[in-house]
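Subject: Handing over the two-chain model

Hello,

Here is the structure I promised to pass on to you. Please have a look at it first, and then read on for what I found.

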Amino acid sequence: MASQVLRRLLTRSLNKQLCVTERHASGFQFVPDTPDPKLGKTEKKNLYQAVTDALDIVLASDPTAVVFGEDVHFGGVFRCTVGLAQKYGKDRVFNTPLSEQGIAGFGIGLATAGATAIAEIQFADYVYPAFDQLVNEAAKYRYRSGNMFNCGRLTIRMPCGAVGHGAHYHSQSPEAYFAHTPGLKVVIPRSPIQTKGLLLASIRDNNPVVFMEPKVLYRLAEEQVPVADYEILLSTAEVIREGSDVTMVAWGKQLYVLHEVCDMAKDQLGVSCELIDLRTILPWDQDTVCKSVCKTGRLLVSHEAPLTQGFAAEVVSTVQAECFLHLEAPAARVCGWDTPFPHIFEPFYVPDKWRCFEAVKRITSY
Amino acid sequence: AKKVSFCSMFRIRSFSGRFRPLWFVCSRFVSSRSLASGVKGEQSLYPGSRLSYSSDVDECKPKPPGKLPDEGVSAFRILDSGGHVIDAKQDPNIPEEQLVKMYQTMVLLNTTDKILNESQRQGRISFYMTSDGEEATHIGSAAALDSNDLIFGQYRETGVLLWRGFTLFEMINQCYGNHLDGGKGRQMPVHYGSDHLNFQTISSPLGTQMPQAPGAAYALKRAGTGNCVVCYFGDGAASEGDAHAGLNFAATLDCPVIFFCRNNGFAISTPTEEQYRGDGIVSRGPGYGIESVRVDGNDMLAVYSVTKAAREVCVRENRPFLIEAMTYRIGHHSTSDDSSAYRSTDDVNYWDKQHPIKNAYNYLLSRGIWSESQDKEFKQEQKKLVMDTLREAERQLKPSVKELFRDVYDEMPPHIERQWNEVQQHVAAYADQYPANFDHDHES
């Protein structure tokens, strides 16, 4: 402890002399899963390679499948489509003009005419021009036509979330906007193994799916990913750590922040936390979450998106209605602040482990 | 003077990756004598276009220069205002039987429109939109297509559906939202769709179909069906961002899609002078690299002719085509509109005299394949048919309330199932407060 303090003081003093400013790290540690042995042979992959793997499997097995968006042909700005154009040809892996509304509309047209359409939006922050196509068209396509038509074969992928320096327009998590739209599905994976299985399930699901990939995990998250073609069921939450005192719900990278908080709570407070990955935001697995809260009596939901009207509000609302008499304390939401995602202030903005730990303290001493 | 060498026939790849004749790659290093004289100069290798340099700034502006020209692109017509063929060489030689069917379909549409419009005024249906004055744009184009060509409409293309075989019963059931409505009572009247007739269900947001159509065309191209997609839209919808996106995607991705603009002069109350400053919609095509043509939309034969030609190009060469059909919206925008608030009845009356149905009628008469007495009888028949169908549709039950909850997804998820159960219990407890003419659920 003393040596840590000394080291920090020395580093700071040295940095000041060298005029070097500290760049805070992303503040979490990725925790790899062990792959299901039933799925057989595995290969080490990071998250973007897991995306490529899933797309490769679909392109190989489904002759109608096409992958398109800005810059996907050369491999994509996050390398998710590397090698696919060479392997499957320009007519199947192609660039579109720079227009998200065009990409989404084009994808809907492809899907309704019988092709498997996998669209890429370069950053979730740029999805809004496509909002009309997704909300007014894709989401309502089957319903409004009396099931004569549908665009279920559309999947639209986009990188989301904080990356350390992304600020307003390279850090957003817009899941709440889409969660409010009946007819869409919204899926957010936490790891390479999850990404491959959930993306394959999303592409094959016969409803339009918005698939958000936490970009900070693209390179950083590495796991032994099964080589096989496997799917992970949509609308099923996963209890990734069992516990008895507090239910924690999150998705994407925030789960790793909470992993550490679980350890801190155990070590410092003697509190046992149950950690749930929601995985699918819409339609979400209410049963798994409510069952957990009825057991623990306490709920904490955490996401990077702003607090007001973020998806935590939906989870908390439902839980208080279903588990009211089991609650020992008000539910806690630890989220981004109600501001645009800032640049230099990111360390103060994100729901870090200290804020989450404080919330655990609060709800266990209520 | 241009430098031409024996190498001009050899095409070599320049550093920008484009094939260029050798002579002009060499000419990059030639003196700029031609530039000083203001004559079109050396070729440029900027990757964004094929272009030369010039010292004359007027040569550097696309025509027309910055303001509305005195006269725009001409509109193609085959029939004059009296319904006579102007140039026999242009006659598309449509078989007589088909000509009569085309005319009859236009009459059926116009007759149905009048009656359904009236039925909204009587409170029998909630809303309606007529196609008065634009019938030739529908039937002329629809008759030139293959029945497997996929259609994306805006909302004023009912004649296209009727041509393909949409029955009056299907149409009026949709307007009433009864249990026989293919759309299951979910949308406002005139939001038709038909999977077996390859006509995508109409949605209210304008222009959204415009990037969807090239997407569908791309899928059809890859599937090798030999069909094209036709995307109808109006002069107002052409201002939407989706219109720009759709045209650009269709061109860059080589999609076999016909963009068919019904320029009827109005977007509700907004006249075209307030919608755009350039020469209508046809002038935009070249900006996207799309072959475009303007046609007299009130001339059934001309519309047929340009659509047929466009279709051949689309399907053979896998590239889009833009047709702008000039016409006039004789009716109001919808039953929620009273156009006397923003235009003179003189204008409306003028265009009623130029009505496409009158035009086609005169043509058929001149060909001796239709008569005044046949016309009278036919119109009476159609009126009776529409009235009978209206009465039949009116007495049908509405769909089961479970249809409110179905088809949000391919399968009903638990949270929606819970809400359906809640509604059932609620309506059972408050039955008198809710409409009773809804069918019970047949599937469970």
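Let me begin with a question: is B:Glu134 buried or exposed? B:Glu134 is buried, with a relative accessible area of 0%. Please keep in mind throughout that this is a predicted model.

Elsewhere in chain B, salt bridges that share partners tie B:Lys184, B:Arg186, B:Glu403, B:Arg406, B:Asp407 and B:Asp441 into one network.

Chain A has pairs of this kind as well. Side chains of opposite charge can pair when their charged atoms come close. A:Asp33 and A:Arg190 meet in a salt bridge through their side chains, at 2.8 Å from N to O. This pair links parts of the chain 157 residues apart, with A:Asp33 in the loop between helix H1 (2-18) and strand E1 (42-46) of chain A, and A:Arg190 in the loop between strand E6 (185-187) and helix H8 (192-204) of chain A. A:Asp33 is partly exposed, with a relative accessible area of 28%, whereas A:Arg190 counts as buried at 3%.

Another pair in chain A is A:Glu304 with A:Lys253, whose side chains form a salt bridge at 3.0 Å, N to O. Here A:Glu304 belongs to strand E13 (residues 299-306) of chain A, and A:Lys253 to the loop between strand E10 (246-250) and helix H10 (254-269) of chain A, 51 residues apart. A:Glu304 is buried, with a relative accessible area of 10%, and A:Lys253 is buried, with 8%. Over all chains, the count comes to 45 salt bridges.

Now to the place where the chains meet. How many residues of chain A are in contact with chain B? There are 48, and they touch 42 residues of chain B. The area buried between the two chains is about 3500 Å², and carbon and sulfur atoms give 58% of that. Between chain A and chain B the count is one salt bridge: the side chains of B:Arg222 and A:Asp91 meet at 3.0 Å, N to O. There are also 22 residue pairs in polar contact between the chains, with both residues at pLDDT 80 or more.

On the side of chain A that touches chain B, the elements giving two or more residues are strand E3 (93-95), helix H4 (100-112), helix H5 (131-137), helix H6 (141-144) and helix H11 (286-296) of chain A. H4(A) provides the largest share, nine residues. By type, the residues on this side divide into 20 nonpolar, 19 polar and nine charged.

Finally, a word on confidence. Chain A has a mean pLDDT of 95, and 95% of its residues reach 70 or more. Over residues 19-25 of chain A, though, pLDDT stays under 50, and the model has four contacts beyond four places in sequence for them. Where pLDDT is low, the predicted coordinates should not be read in detail.

Key
Residues numbered from 1 in each chain as written. Chains lettered and ligands numbered in written order. Heavy atoms only, no water. Contact = heavy atoms within 4.5 Å. Buried area = accessible area lost by both parts, 1.4 Å probe. Salt bridge = Lys/Arg side-chain N within 4 Å of Asp/Glu carboxyl O. Polar contact = N/O pair within 3.5 Å; in protein donor to acceptor, adjacent residues only side chain to side chain. Helix = DSSP H or I, 4+ residues; strand = E, 2+ residues; numbered from the N terminus. Nonpolar A, V, L, I, M, F, W, Y, C, P; charged D, E, K, R; others polar. Buried < 20%, exposed > 50% of the residue type's maximum accessible area, 1.4 Å probe, protein only. pLDDT = per-residue confidence, 0-100.
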